[in-house]
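Here is a colleague's note for someone meeting this structure for the first time. Please read the points with the model open beside you.

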Amino acid sequence: WRWQSCGGVVISGRCYQFFRGPKKAADSEFFCQDNFPNGHLASVTSRFIHQQMMNLMAQNGGYTHTWIGGFNYLKTGRFLWLDGSHWGYADWLHGEPNNTAGVEDCVEILSNGKFNDMPCWDLRAFICSY
Ligand code: GN1
Ligand code: CA
């Protein structure tokens, strides 16, 4: 264990940090795991965390598309968080998740703050939590 400052915002003892990438969703998750203990793409499980994530995006140049840790579990249409957090809160854009072409298994935050499902191979900024 060692001191490690949070280059983002601390919420309930977890650091949420923005990275420009751009990376595919899986490569973003691997980056979080490889660089931080208990690191994952961020779970956005409350309105408060969601607002903080939008602040992070604004503070980092107003990024318009940013991966978070939601994913379409086994393509069932049910979404889960990569770190095992309970899926309950989800602020989808109206009409989302729409699973365009049946290949949208990952979740981004749009510039207006809403969630959208997207193909996991698209290159995006991302937010790790650890
Ligand atoms: C985009 O291909 P298109 O424009 O229908 C987006 C979807 C959104 C949709 C919203 C690859 O799909 O995730 O749901 O816009 N997919 C891509 O209209 O950009
Ligand atoms: Ca979509």
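1. R47, D91 and K114 are linked in a network of salt bridges. A salt bridge here is a side-chain nitrogen of Lys or Arg within 4 Å of a carboxyl oxygen of Asp or Glu. Side chains of opposite charge can pair when their charged atoms come close. A search of the whole structure finds 5 salt bridges.

2. A word on the basis. This is a predicted model, in which local features need pLDDT of at least 70 and side-chain atom pairs count only at pLDDT 80 or more, while totals for chains, interfaces and linings use all residues. Residues are numbered from 1 along each chain as its sequence is written, chains are lettered from A and ligands numbered from 1 in the order in which they are written, and side-chain values use heavy atoms, with hydrogens and water left out.

3. D91 lies in the loop between β5 (79–81) and β6 (106–110), and K114 in the loop between β6 and β7 (115–118), so the pair ties together parts that are 23 residues apart in sequence. Strands are DSSP runs of E of at least two residues, helices are runs of H or I of at least four, and both are numbered from the N terminus. D91 is buried at 16% relative accessible area, whereas K114 is partly exposed at 28%. Buried means under 20%, exposed over 50%, and partly exposed in between (1.4 Å probe, protein chains only).

4. R124 is buried at 11%, while D122 is partly exposed at 22%.

5. What else does the side chain of E108 contact? E108 makes polar contacts with the side chains of H65 (2.9 Å) and N116 (2.8 Å). A polar contact is a pair of N or O atoms within 3.5 Å; within protein, one must be able to donate a hydrogen and the other to accept it, and residues adjacent in sequence count only if both atoms are side-chain atoms. E108 is buried, at 1% relative accessibility.

6. N116 leads on to the calcium ion (ligand 2). The protein donors are E96 (OE), N98 (OD1), E104 (OE), N116 (OD1), D117 (O) and D117 (OD), lying 2.2 to 2.6 Å from the ion. Donors are N, O and S atoms within 2.8 Å of the metal (3.2 Å for Na, K and Ca); water is not among the atoms, so sites may look incomplete. The donor residues are spaced E-x1-N-x5-E-x11-N-D in sequence. N116 is buried at 9%, and D117 is buried at 0%.

7. The search also finds 3 disulfides, a disulfide being a pair of cysteine sulfur atoms within 2.5 Å. C32 and C128 are joined with S to S at 2.0 Å. The torsion about their S-S bond is about -85°, so the disulfide is left-handed.
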